[in-house]
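Colleague: I would like to learn how to read side-chain features in a model. Can we go through them one by one?

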Amino acid sequence: MGFEIPGLEGMALDGFSLATTLVVLAAAAFFAGMVDAVVGGGGLIQIPVLLGQFPHTAIPTLFGTNKVSSIAGTAMAMWKYGRKVQIPWAVVLPGTVAALIGSGMGAALVAWLPRDAMRPLVLILMIGAALYTFKNKKFGHTSTRELRPSDRWWGLLLGLTIGLYDGFFGPGTGSFLLFAYVRLFGMDFLRATASAKVLNVATNISAIAFFANTGPLLWEIGIGMAICNLIGSQIGTMMALRHGSGFIRKAFLLVVVILIGKMALDVIRPWIPSLL
């Protein structure tokens with residue numbers, strides 16, 4: 001007897017295959033939520049798993065389903081951080097509004113510009129962020145300055161830029177945002193992570209709206225994964241709050257190194273056949 005997953009009509013699974021698929025998706029969502037709550041980058045886990053489990057499903061459908069899952073954990077992390085960490089709303093709120101606008105603009109750009117053109121530039125920026133963080137051992141361990149009135153305008157510009165990037169390309173959004181809050185505003189990693197979650201929620205909302213308008217989403221799959229993502233997010237947030245900025249810095253470097261490896265592979269993959 002076959003089972004059909006809503007939204008995947010024509011893809012019938014037997015009981016064992018269905019159970020295996022659900023277990024894999026649940027585990028991926030759990031670990032993605034845990035990683036996302038600390039430094040971002042949960043998409044590195046969820047998206048490859050979704051692509052692997054549903055290889056014949058449209059990419060916008062899977063990307064949108066990924067956002068349905070991740071927004072639950074991100075929103076939970078934002079709420080828990082907000083109770084323990086003082087979020088600089090004067091900087092974060094204008095950036096959040098700008099990120100919502102920028103994300104929609106970025107999504108619209110996809111129709112005009114090739115996404116792949118961004119990969120080499122993003123790879124260079126990622127390497128630069130990793131080297132800077134690794135070289136400066138105290139980077140992000142403590143806040144280095146008080147916020148200034150002009151920072152709200154820089155926060156707005158940052159939100160617009162990050163939103164534009166997330167809507168257009170996406171990979172590494174959380175890592176770039178975390179690095180920018182520490183570098184530009186002198187925040188420690190814990191405060192930067194808490195602030196980043198607010199913008200992450202905004203860009204996720206914008207992305208879900210865009211992908212839902214582009215094609216059908218796997219709502220039942222996404223909501224089921226969201227529950228697991230939320231549980232993982234609670235554990236990741238507790239770890240970050242307990243171990244502080246030093247722990248987040250190490251996790252940040254690990255995620256960025258993985259991102260660099262993935263992006264480098266994506267850049268060189270088209271050249272591999274000609275080199276063999």
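Modeller: Start with aromatic pairs. Rings of Phe, Tyr and Trp (its six-membered ring) pair if their centres lie within 6.5 Å; planes under 30 degrees apart are stacked, over 60 edge-to-face, and the rest tilted. The structure holds 10 aromatic pairs. Tyr-132 and Phe-139 form one that is edge-to-face, 5.1 Å centre to centre with 85 degrees between the planes.

Colleague: What should I know about the origin of the model and its numbering?

Modeller: The model is predicted: local features need pLDDT of at least 70, side-chain atom pairs count only at pLDDT 80 or more, and totals for chains, interfaces and linings use all residues. Residues are numbered from 1 along each chain as its sequence is written, and side-chain values use heavy atoms, with hydrogens and water left out.

Colleague: Is Phe-139 buried or exposed?

Modeller: Buried means under 20% relative accessible area, exposed over 50%, partly exposed in between (1.4 Å probe, protein chains only). Phe-139 has 10%, so it is buried. Tyr-132 has 31%, so it is partly exposed.

Colleague: Which other ring does Phe-139 pair with?

Modeller: Phe-139 also pairs edge-to-face with Phe-189, at 5.8 Å centre to centre and 85 degrees between the planes. Now place them. Helices (H or I, at least four residues) and strands (E, at least two) are DSSP runs, numbered from the N terminus. Phe-139 lies in the loop between helix H5 (119–135) and helix H6 (151–168), and Phe-189 in helix H8 (residues 189–214), so the pair ties together parts that are 50 residues apart in sequence. Both Phe-139 and Phe-189 are buried. One aromatic cluster holds Tyr-132, Phe-139, Phe-179, Phe-189 and Phe-252.

Colleague: Where does the charged end of Lys-137 sit?

Modeller: The test is geometric: NZ of Lys or CZ of Arg must be within 6 Å of the ring centre and within 35 degrees of the ring normal. The charged end of Lys-137 sits over the ring of Phe-134, 3.9 Å from its centre.

Colleague: How many salt bridges does the structure hold?

Modeller: Side chains of opposite charge can pair when their charged atoms come close. A salt bridge needs a side-chain nitrogen of Lys or Arg within 4 Å of a carboxyl oxygen of Asp or Glu. The structure holds two. In one, Arg-145 meets Asp-151, with the closest N and O atoms 2.9 Å apart. Asp-151 is buried, at 2% relative accessible area. In another, Lys-262 meets Asp-266, with the closest N and O atoms 3.0 Å apart.

Colleague: Why are Lys-262 and Asp-266 separated by about one helical turn?

Modeller: Because they are four residues apart in helix H9. Lys-262 is partly exposed at 37% relative accessibility, while Asp-266 is buried at 13%.

Colleague: Which residues have the most contacts inside the largest nonpolar core?

Modeller: A nonpolar core is a set of buried Ala, Val, Leu, Ile, Met, Phe, Trp, Tyr and Cys residues joined through side-chain atoms within 4.5 Å. The largest has 47 residues, and Val-39, Val-122, Tyr-181 and Ile-248 have the most contacts inside it. H9 gives the most to this core, with nine residues.

Colleague: Where is Gly-186?

Modeller: Gly-186 is in the loop between H7 and H8. Gly-186 is buried, with 5% relative accessible area. The C-alpha atoms of Gly-186 and Gly-140 are separated by 7.5 Å, though the two residues are 46 apart along the chain.
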